[in-house]
Structure formats: structure tokens, C-alpha cells
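Dear colleague,

Please find below the structure that I am handing over to you.

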Amino acid sequence: MNDDVRKYVYGAVTVFIVGVLVWVGIVFVNACGFSLNCRRGELPIARTPVPTLIPATLPAMEMNSSAAADPDKCHVAAVDLMGAWVDAGASDTEAFQFVDVDGKQCEATFDDVKPLFVDANMWYSGSRSCRSCHSADVAVSSAQLDLSSYEGIMAGSRRADDTSKGTDILGSWKSSLLYQFLTETKTDVPGHDNALNSGLMVYAGAPLP
Ligand code: HEC
């Protein structure tokens, strides 16, 4: 009885050891054949060929320069600057006049107004530029309104195509679509769900002598 158990144990151990040897042998011969100076186990390359990562830096976010204090310019609410431009006939070249917050009589041109339409970070930190939605391609532009150029602004909204005119957005300032969409928060319209009229003040134009 005792001998039987021993026989089983020895048998099992022998089968196990032989099995391991055969398995290792098969793997070895499979990889190296019958050679004993086989180098397949060595790593082919000592170092990784991937170059060390170049440290990445992001440029600091720039706020728009027109918001920076400039003693030579006039200080005025962005909406009022736009209003003065519209009330003076919204010319692309002719200067228009306005009174700034310090009571100075000032003069500016469309060049002072244009950044408010085409630049990002204008109305509040992180605000998108108007033209990112109201782009030159009327077919895809929000409200079929192109705010990327003077001609686009003049052509108005809800245009049938790139050549036709749409609804005037300027008109009489306080009752214009532009004034409405700049001063009213429209919670259901992307781009207008944050108050654009956060009282943005800009430095623009120049005092009249
Ligand atoms: C994220 C996209 C987006 C941005 C940015 C954006 N708008 Fe709009 N805007 C829209 C959409 C969408 C409508 C259409 C709303 C509707 O159908 O009532 C609209 C409508 C308008 C309208 C009314 C047009 C009409 O006929 O009803 C005006 C004016 C306007 N936007 C001006 C501006 C100005 C000025 C800026 C920049 C200060 C601006 N938008 C930025 C998406 C945007």
C-alpha cells in the first residue's frame, strides 16, 4: 500500500520533470535549432529609437490690445463705439465722431470697430469671434450673416446666397438687430448665450484737438 503511493508520487514527479524538459527543449529548438551559441534572446537594439520628447510650451493667451490702456486713445464702451459708427452712416472709410467716457470729443473709423467683429477674446475672456460663426460662406454661416468683412456686414442677415442682400442688421442703432444681439442674452443661441454686452470698454479712436 505504502509502496503503491510512493510509486504514484515518483511517477507523477518524473512525468512532470520530463514534461518540463521536453517543453523547454521544443521552445529552444524551435527558436535556435540545435546550435548552442544562439543569440536570439538578446534585445536587437540597446536603446529606444524614439527621440526624447521636446518640452512643449503654450504661448500665453493674449488679451486684445484694444483693451489695453492707451492714453493717446479714447475710452469708450464697445457697444457705444459701434452705435456711433452706425448712427454716422456706417462708412468703411470715413471717420465718425463720439464722446468718450471722459467727455472727450473723439474720432474713429471702421478700423476701430472691425476687431469687435473679427477678433476672438474681444467681448469677454474666451469669447469667440463673431466671424467664427458668421463667416463669409453664407451657405454655412449662422443666420446667413457674414460678419467677416465690411461688405458682409452691410449685406445683412438671412441672405439667400453670397450675392444677394438680406435683412439689414444696422438700421437705426437702438432698434437694430445688431444692437439686440449684442445687448440681450439669448440663452438658446450658441455664441449669444453669454452676455456679449458685459460692459466691454475699449480704447479706440483719437481725441479731436
Ligand atoms: C457660436 C456661434 C456664434 C457666435 C460666436 C456669434 N453668433 Fe451671432 N448668431 C448665431 C446664431 C446661431 C444666430 C441665429 C439665431 C436665431 O436663429 O435666432 C445668430 C444671430 C445673430 C444676429 C441676428 C441675425 C438675424 O437676422 O436674426 C446678429 C445681429 C448676430 N448674431 C451678431 C453677432 C455678433 C455681432 C457676434 C460677435 C460679437 C456674434 N453674432 C457671434 C451664432 C453666433
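Helices here are DSSP runs of H or I with at least four residues, numbered from the N terminus. Please note that this is a predicted model.

With that numbering, helix 7 gives the largest share of the shell around the ligand, namely four residues. Both helix 5 (130–133) and helix 7 (177–183) contribute at least two residues to this shell. The ligand has 21 residues around it, and those that come nearest are Cys130, Cys133, His134, Ser157 and His192. Sorted by class, the shell holds 13 nonpolar, six polar and two charged residues. The space that the ligand takes is the largest pocket.

Two histidines coordinate the iron, His134 and His192, each through NE2 and at 1.9 Å. This pair connects distant parts of the chain: His134 belongs to the loop between helix 5 and helix 6 (150–155), whereas His192 belongs to the loop between helix 7 and strand 4 (201–204), and the two are 58 residues apart. The arrangement around the iron atom is octahedral because its six donor atoms subtend angles of 86 to 179 degrees. For comparison, the ideal angles for six octahedral donors are 90 or 180 degrees.

His134 has a polar side-chain atom 2.7 Å from a nitrogen atom of the ligand. For Ser157, a polar side-chain atom lies 2.5 Å from a ligand oxygen atom. In the side chain of Arg158, an N or O atom is 2.9 Å from an oxygen atom of the ligand.

With kind regards

Note on methods. Residues are numbered from 1 along each chain as its sequence is written. This is a predicted model: local features need pLDDT of at least 70, side-chain atom pairs count only at pLDDT 80 or more; totals for chains, interfaces and linings use all residues. Side-chain values use heavy atoms; hydrogens and water are left out. A residue is near a molecule or strand if one of its heavy atoms lies within 4 Å of it. A polar contact is a pair of N or O atoms within 3.5 Å; within protein, one must be able to donate a hydrogen and the other to accept it, and residues adjacent in sequence count only if both atoms are side-chain atoms. On a 1 Å grid over the protein atoms alone, a cavity is a set of points where a 1.4 Å probe fits but cannot get out, and a pocket is an open set with protein on both sides within 12 Å along at least five of seven lines; lining residues have an atom within 4 Å of a point. A molecule sits in a cavity or pocket if more than half of its atoms lie within 2 Å of its grid points. Ala, Val, Leu, Ile, Met, Phe, Trp, Tyr, Cys and Pro count as nonpolar, Asp, Glu, Lys and Arg as charged, and the others, Gly among them, as polar. Donors are N, O and S atoms within 2.8 Å of the metal (3.2 Å for Na, K and Ca); water is not among the atoms, so sites may look incomplete. Four donors count as tetrahedral if all angles lie between 85 and 135 degrees; four count as square planar and six as octahedral if opposite donors are over 155 degrees apart and all others between 65 and 115; anything else is irregular.
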